[in-house]
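Please look over this model with me.

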Amino acid sequence: MAPASARQKDKAARAQVRAYLARLSPGARKRLRQLQAVVRVAAPGATEAISYSIPAFRFEGRILVWCAAWKEHYSIYPVTGAIGREAKRRGYQTSKGTIRIPLTEEPPVTLVRRLVKARMADVRKAASARRG
């Protein structure tokens, strides 16, 4: 079981994420929740967090992905390499590490899962390099 301070941090993060979601329009809230659900399934060990004032998921102590909602779209960050190129081929708007998905569309489950798995590998690789 996690130490009390870690549980308190997790509880505070979940409260901040709920507050973020409460400020969204119903449509944006629905889509962001769907996106978060896909991330949770792809990374069952990840925990909710707030970073840069937007919802994120931590994995092995590092930020795995950020998920944010805006007026016309919702986004997932960071995106690099092949995942970004695939998103662009699928017609999603991309920019410097971001996939933007119109609020009218459900999350692209396969693409998000691939992104999360790739990020998990990146986090593990970075941790391994730090350990030396």
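Q: Is Glu86 buried or exposed, and at what relative accessible area?
A: This is a predicted model, where local features need pLDDT of at least 70, side-chain atom pairs count only at pLDDT 80 or more, and totals for chains, interfaces and linings use all residues. Residues are numbered from 1 along each chain as its sequence is written, and side-chain values use heavy atoms, with hydrogens and water left out. Buried means under 20% relative accessible area, exposed over 50% and partly exposed in between, with a 1.4 Å probe and protein chains only. Glu86 lies in helix 3, and Glu86 is buried, at 12%.

Q: Which residues does Glu86 touch, leaving out those up to four places away in sequence?
A: Contact means heavy atoms within 4.5 Å. With residues up to four places away in sequence left out, Glu86 touches Leu111 and Arg114.

Q: How are helix 3 and helix 4 oriented to each other?
A: Helices (H or I, at least four residues) and strands (E, at least two) are DSSP runs, numbered from the N terminus. Axes are lines fitted to C-alpha atoms, for helices over the stretch in contact, with angles from 0 to 180 degrees between N-to-C directions; those of helix 3 (residues 81-89) and helix 4 (residues 109-131) come within 10 Å and cross at roughly 165°. Angles under 35 degrees count as roughly parallel, over 145 as roughly antiparallel, 65 to 115 as roughly perpendicular and the rest as oblique. The crossing angle therefore makes helix 3, relative to helix 4, roughly antiparallel.

Q: What is the make-up by class of the contact of helix 3 with helix 4?
A: On the helix 3 side are Ile83, Glu86 and Ala87, which meet Leu111, Arg114 and Leu115 in helix 4. Ala, Val, Leu, Ile, Met, Phe, Trp, Tyr, Cys and Pro count as nonpolar, Asp, Glu, Lys and Arg as charged, and the others, Gly among them, as polar. By class, this contact of helix 3 with helix 4 has four nonpolar, no polar and two charged residues.

Q: How is helix 2 oriented to helix 4?
A: The axes of helix 2 and helix 4 come within 9 Å and cross at roughly 50°. That angle makes helix 2, relative to helix 4, oblique.

Q: What is the handedness of the crossing of helix 2 and helix 4?
A: A crossing is left-handed if the near helix is turned anticlockwise from the far one by less than a right angle, and right-handed if clockwise. The crossing of helix 3 and helix 4 is left-handed. For helix 2 and helix 4 the crossing is right-handed.

Q: Which residues of helix 4 make the contact with helix 2?
A: Helix 2 contributes Leu35, Val38, Val39, Val41 and Ala42. Their partners in helix 4 are Val109, Val112, Arg113, Val116, Lys117 and Met120.

Q: How far apart in space are Val112 and Val39?
A: Val112 is in helix 4 and counts as buried at 2% relative accessibility. Val112 touches Leu35, Val38, Val39 and Ile76, not counting residues up to four places away in sequence. Val112 and Val39 are 73 residues apart in sequence, yet C-alpha to C-alpha they are apart by 7.2 Å.

Q: What is the phi of Tyr52?
A: Tyr52 is in the loop between strand 1 (47-51) and strand 2, and is exposed at 71% relative accessible area. Most residues other than glycine have a negative phi. The phi of Tyr52 is positive, near 55°.
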